[in-house]
Amino acid sequence: MLKKNIKVFGLISTLIFSVVLAGCGNSAEDTAELGGEEITIPYSDAGSTVRSMVLAEVLEDAGYNVSLTKVEADGSLYAAATENSDTMHMDGWLPNTHEDYWDKYGEDLVVYDNEAIIENPSVSLAVPEYMEDVNSIEDLKDNDELGESVDWTIQGIDPRNGVMAKTDDAIEDNGLGDWKLNESSEMEMIKTVQESYENEAPVIFTGWTPHWLFETLDLKMLSDPDNIYDAEDDSINLVFNSGFENEHPAAYKIAVNMAEDWSQNDENTLMERIFVDGDNSQETIESFVDSNSNRIDDWKKDTVAE
């Protein structure tokens with residue numbers, strides 16, 4: 001009788017162990033492994049700084065070594081992402097604003113557009129609200145008084161950015177032939193706008209939102225009736241090297257989960273704290289991650305952490 005009970009107990013134990021192993025096997029199939037440890041995220045001051053810093057912090061917590069690399073222009077983001085399977089960026093204004101860069105580099109890249117990081121960003125020319133008679137790009141056409149007040153100059157940024165290419169096209173093809181586009185940098189554009197704003201002087205500049213400048217000054221985007229900037233269908237998306245997901249499956253999953261949960265409010269809050277209030281950037285990002293621990297846990301769900 002005892003031997004029979006031992007045999008039955010042994011059989012039951014074997015069945016339970018098999019079920020447990022089977023369950024573990026299914027879980028492993030659904031869990032994204034870390035993969036390679038080194039990841040590079042290029043970013044620019046043109047918008048992707050805060051979200052790139054947040055992702056880097058989360059990936060570091062998950063066990064990766066992340067290099068945040070600042071670049072000066074949109075084209076550099078795409079060029080950098082083609083270099084190896086360890087690279088991605090978070091600033092794909094697609095399908096229109098960055099169309100030229102996608103055409104040039106897209107063969108080696110993958111865009112995640114099932115859910116955008118930011119829906120419906122805007123791109124156009126912009127002016128301060130106190131320029132009450134200027135509300136549309138149409139208002140620049142054949143407007144001698146306005147043109148002379150700003151020396152017929154539109155303040156731009158680095159010429160390698162998508163908004164600059166669109167503005168060049170506008171000047172050439174849309175009745176703005178009297179105007180010239182001043183190529184400089186984002187920081188120079190910001191300085192020009194701030195100085196003009198302080199003196200309530202007229203200024204016209206290449207603008208886009210989200211951007212922290214619109215959080216601190218009373219500015220407005222000009223309407224674009226000719227659809228010069230062709231940005232109405234754009235969204236800001238994750239852009240990966242084509243080998244990234246295979247090389248870093250957990251990092252890919254975390255980035256995708258973040259994109260699906262990120263909000264315009266997250267963007268504006270962090271940009272305001274860092275760029276307007278002057279808070280320490282790393283401390284601000286760490287505080288955001290700590291205070292949103294439940295959300296971060298969801299981003300890392302079904303990935304191997306630590």
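Which residue forms a salt bridge with D266? In this predicted model, the partner of D266 is R295, and the closest N and O atoms of the two lie 2.8 Å apart. D266 is buried, its relative accessible area being 7%, whereas R295 is partly exposed at 21%.

R295 also meets D261 in a salt bridge, with an N to O distance of 2.7 Å. This pair, too, links distant parts of the chain, for R295 sits in helix α13 (residues 293-299) and D261 in helix α10 (residues 249-261), 34 residues apart. D261 counts as partly exposed, with a relative accessibility of 31%.

Another pairing involves R160 and D158, whose closest N and O atoms are 2.8 Å apart in a salt bridge. Here R160 is partly exposed, at 42% relative accessible area, while D158 is counted as buried because its 12% falls under the 20% limit.

A search of the whole structure finds nine salt bridges, and those that share partners join R51, D91 and E267 into one network. R51, which lies in helix α2 (residues 49-62), is buried with a relative accessible area of 1%. A polar contact of 2.6 Å joins its side chain to that of E267. Beyond its neighbours within four places in sequence, R51 is in contact with residues including M90, D91, I117, P210 and W262.

Definitions and conventions. Residues numbered from 1 in each chain as written. Predicted model: local features only at pLDDT ≥ 70, side-chain atom pairs only at ≥ 80, totals over all residues. Heavy atoms only, no water. Helix = DSSP H or I, 4+ residues; strand = E, 2+ residues; numbered from the N terminus. Buried < 20%, exposed > 50% of the residue type's maximum accessible area, 1.4 Å probe, protein only. Polar contact = N/O pair within 3.5 Å; in protein donor to acceptor, adjacent residues only side chain to side chain. Contact = heavy atoms within 4.5 Å. Salt bridge = Lys/Arg side-chain N within 4 Å of Asp/Glu carboxyl O.
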